[in-house]
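Okay, hi everyone, thanks for coming.

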Amino acid sequence: MIDYENITDTLTKDGIIILPNFLDAKTTESLYQYVSTLPADQFDSAGIGRDNNFQINHEIRNDVLLWLDGKEPCEQAYLAAMDELRSQLNEKLFLGLFDYEAHYSHYKKDSYYQRHVDAFEGRSNRVVTTVFYLNNDWSNDDGGELVIYQNNSNEMLHRISPTFGTLVIFLSENFPHEVLITHRDRYSIAGWFRTDRPF
Ligand code: OGA
Ligand code: MN
């Protein structure tokens with residue numbers, strides 16, 4: 001069972017939460033099977049994102065992306081959990097989140113994403129970031145950790161291995177972060193809850 005109260009309480013207090021084993025292992029495994037067997041030409045290079053991807057991402061990242069379209073049953077299960085999370089966040093934190101967009105990322109060996117923030121105040125309607133990891137048996141030697149920094153500082157708050165089933169949730173504007181060079185294939189689902197409030 002997903003403990004939504006713990007999620008909303010911790011996000012209110014810390015702005016970030018790390019949740020191992022977020023979904024049932026079967027759904028996570030299906031997501032991994034699906035994305036890891038897709039032909040490479042299904043993915044876009046990250047520099048060419050969608051119009052509403054405000055992040056300037058040329059040169060600072062070299063993963064490849066595929067937006068979720070909700071056609072696969074495993075994606076539907078994932079998106080249903082995110083929709084429940086969205087309504088819980090709205091109910092408890094009054095964030096006015098109206099939708100969720102998400103893409104798979106494939107970081108091939110030697111890929112990375114340098115330090116960035118997902119949303120800049122006044123420029124984006126991305127309010128809450130989620131990152132969900134699909135990688136079995138990740139070891140410390142594999143690299144590819146997500147490093148979360150204190151805002152406006154080099155102080156490292158978290159160093160998170162992209163381990164199968166872990167979900168990270170944080171307030172998009174508050175936490176600069178980076179993906180360290182990975183030494184093996186690394187799959188994640190990055191997503192954003194958005195608001196339509198005008199900035
Ligand atoms: C992103 C991102 C982190 C990860 O796509 O904006 O920061 O661990 N992803 O995949
Ligand atoms: Mn990011």
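Let's start with one strand, β11. R186, S188, A190, W192 and R194 point one way from β11, Y187, I189, G191, F193 and T195 point the other way, and all of them are buried. By "buried" I mean under 20% relative accessible area, with exposed being over 50% and partly exposed in between, using a 1.4 Å probe and protein chains only.

Quick housekeeping before I go on. This is a predicted model, where local features need pLDDT of at least 70 and side-chain atom pairs count only at pLDDT 80 or more, while totals for chains, interfaces and linings use all residues. Residues are numbered from 1 along each chain as its sequence is written, chains are lettered from A and ligands numbered from 1 in the order in which they are written, and side-chain values use heavy atoms, with hydrogens and water left out.

Now zoom out. How many helices and strands does the protein have? Three helices and 11 strands. From the N terminus on, they run α-β-α-β-β-α-β-β-β-β-β-β-β-β. Of the 199 residues, 51% count as buried. Then look at contacts, meaning heavy atoms within 4.5 Å. Among contacts between residues at least 6 apart in sequence, 81% join residues at least 24 apart.

Okay, sheets. In general, strands of a sheet pair through backbone hydrogen bonds, either parallel or antiparallel. For us, two strands pair if DSSP finds at least two bridges between them. Our β11 sits in an open sheet of seven strands, with the order β1-β9-β6-β11-β4-β3-β2 and antiparallel pairing. Its edge strands are β1 (16-19) and β2 (44-45), each pairing on one side only.

So who are the partners of β11? On one side there's β4, joined to β11 by 10 bridges and running antiparallel. There, Y100 has F193 as its bridge partner. There's also β6, which pairs with β11 over seven bridges, again antiparallel. In that pairing, T129 stands opposite W192. Moving along the sheet, β3 (residues 64-67) and β4 (residues 97-107) run antiparallel with four bridges between them, and V64 stands opposite H106.

Which helices lie across these strands? Helix α2 (residues 25-36) lies across β4, β6 (126-133) and β11 (186-195), running at about 105 degrees to β11. Helix α3 (residues 73-93) lies across β4, β6, β9 (167-171) and β11, at about 135 degrees to β4. Those angles run from 0 to 180 degrees between N-to-C directions, with axes being lines fitted to C-alpha atoms, for helices over the stretch in contact.

There's a second sheet as well. It's an open one of four strands, in the order β5-β10-β7-β8, with antiparallel pairing. Here the edge strands are β5 (113-116) and β8 (156-160), each pairing on one side only. Ignoring direction, neighbouring strands of this sheet are turned by 10 degrees against each other on average. Inside it, β7 (residues 146-149) and β10 (residues 177-179) pair antiparallel over three bridges, and V147 stands opposite E178.

Now the metal. Which residues coordinate the manganese ion (ligand 2)? H116 (NE2), D118 (OD) and H177 (NE2), at 2.1 to 2.2 Å. Donors are N, O and S atoms within 2.8 Å of the metal (3.2 Å for Na, K and Ca), and water is not among the atoms, so sites may look incomplete. Along the chain, the donors follow the spacing H-x1-D-x58-H. Are H116 and D118 buried or exposed? H116 is buried, because its relative accessible area is 7%, and D118 counts as buried because its relative accessibility is 9%.

Last stop, ligand 1. Of the 14 residues around ligand 1, H116, Y133, H177, R186 and S188 come nearest, where "near" means a heavy atom within 4 Å. For oxygen atoms of ligand 1, the side chain of Y133 has an N or O atom at 2.5 Å, and the side chain of R186 has one at 2.7 Å. A polar side-chain atom of D118 lies 3.2 Å from an oxygen atom of ligand 1.

How values were computed: Helix = DSSP H or I, 4+ residues; strand = E, 2+ residues; numbered from the N terminus. Polar contact = N/O pair within 3.5 Å; in protein donor to acceptor, adjacent residues only side chain to side chain.
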